[in-house]
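Here is a friendly walk through some side-chain contacts and surface features. Please have a look at the sequence and the structure first.

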Amino acid sequence: MVEVIDGLLAALAGLPLWALAGAVGVVMALEASLLTGVVVPGDLVVLFAASTATTPTRFAVLLAAVAVGSVVGETVGYTIGRVFGERVQVSRMGRWLGPQRWARAGEFLQRRGARAVFAGRFLAAVHAVLPIVAGTVRMGYRRFVTAAVVGALTWSALYMSIGALAG
């Protein structure tokens, strides 16, 4: 297992910065927009990518890619929830998550509002569905995106720092 992780880290470190940043940004966008965060948590992707940040420039570019990708994904997820919320819940993936998780995420969002969006960024299972739920329950977009940006920047800085220190 150690050899597999070492090989993965070496492959990531060997990628051109633009390719790694683009891939990380896309993964982060998919995490919150298409429920892929339920299957592949963005946390792991960020930690692995951050472990290759050996220069301040590489760290800053990857940090920007993580934060921007996260906000883009959350915005797309919010829009999907706003337009197709009920249909997403009865889709194959929505049924796989189960009505209990959808209900819990909705209650969490109703009770906490913008704080839930910020805190949800740190809870992988919640974060995968929260943007879609926020759109479904018609949370105000300005309030949502403000909390999403603050959460993404805070979370990105924290996880990038942990990954870079581990690397």
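Valine 76 has a relative accessible area of 36%, so it counts as partly exposed; here buried means under 20% relative accessible area, exposed over 50%, and partly exposed in between (1.4 Å probe, protein chains only). This valine sits in helix 4, where helices are DSSP runs of H or I with at least four residues, numbered from the N terminus. Together with Val68 and Val72, Val76 makes a nonpolar surface patch of about 230 Å².

Patches are built from residues with over 30% relative accessible area and no salt bridge, with nonpolar side chains (Val, Leu, Ile, Met, Phe, Trp, Tyr) joined within 5 Å and like charges within 9 Å. The accessible areas come from the Shrake-Rupley method with a 1.4 Å probe, and for residues only the protein chains shown count as cover.

## How to read the model

This is a predicted model, in which local features need pLDDT of at least 70 and side-chain atom pairs count only at pLDDT 80 or more, while totals for chains, interfaces and linings use all residues. Residues are numbered from 1 along each chain as its sequence is written, and side-chain values use heavy atoms, with hydrogens and water left out.

## Salt bridges around arginine 121

Two salt bridges are counted, a salt bridge being a side-chain nitrogen of Lys or Arg within 4 Å of a carboxyl oxygen of Asp or Glu. One of them joins the side chains of glutamate 31 and arginine 121, at 3.3 Å from N to O. Glutamate 31 belongs to helix 2 (residues 17–33) and arginine 121 to the loop between helix 7 (114–120) and helix 8 (124–136), so this pair ties together parts that are 90 residues apart in sequence.

Glutamate 74 and arginine 121 also meet in a salt bridge, at 3.9 Å from N to O. This pair links distant parts of the chain as well, with glutamate 74 in helix 4 and arginine 121 in the loop between helix 7 and helix 8, 47 residues apart.

## Aromatic rings

What describes a pair of aromatic rings? The distance of the centres and the angle of the planes do. Rings of Phe, Tyr and Trp (its six-membered ring) pair if their centres lie within 6.5 Å; planes under 30 degrees apart count as stacked, over 60 as edge-to-face and the rest as tilted. The count comes to four aromatic pairs. Among them, phenylalanine 118 and phenylalanine 122 form a tilted pair, 5.6 Å centre to centre with 55° between the planes. Phenylalanine 118 is partly exposed at 30% relative accessibility, and phenylalanine 122 is partly exposed at 28%.

Tryptophan 155 and tyrosine 159 form a stacked pair, 4.7 Å centre to centre with 25° between the planes. Both lie in helix 9 (residues 141–166), four residues apart, about one turn of the helix. Tryptophan 155 is buried at 0% relative accessibility, and tyrosine 159 is buried at 17%. Ring pairs also link Tyr78, Tyr141 and Phe144 into a cluster.

## A charge over a ring

Arginine 121 returns here: this residue lies over the face of tryptophan 155, at 3.7 Å from the ring centre. A charge sits over a ring if NZ of Lys or CZ of Arg is within 6 Å of the ring centre and within 35 degrees of the ring normal.

Key:
Helix = DSSP H or I, 4+ residues; strand = E, 2+ residues; numbered from the N terminus.
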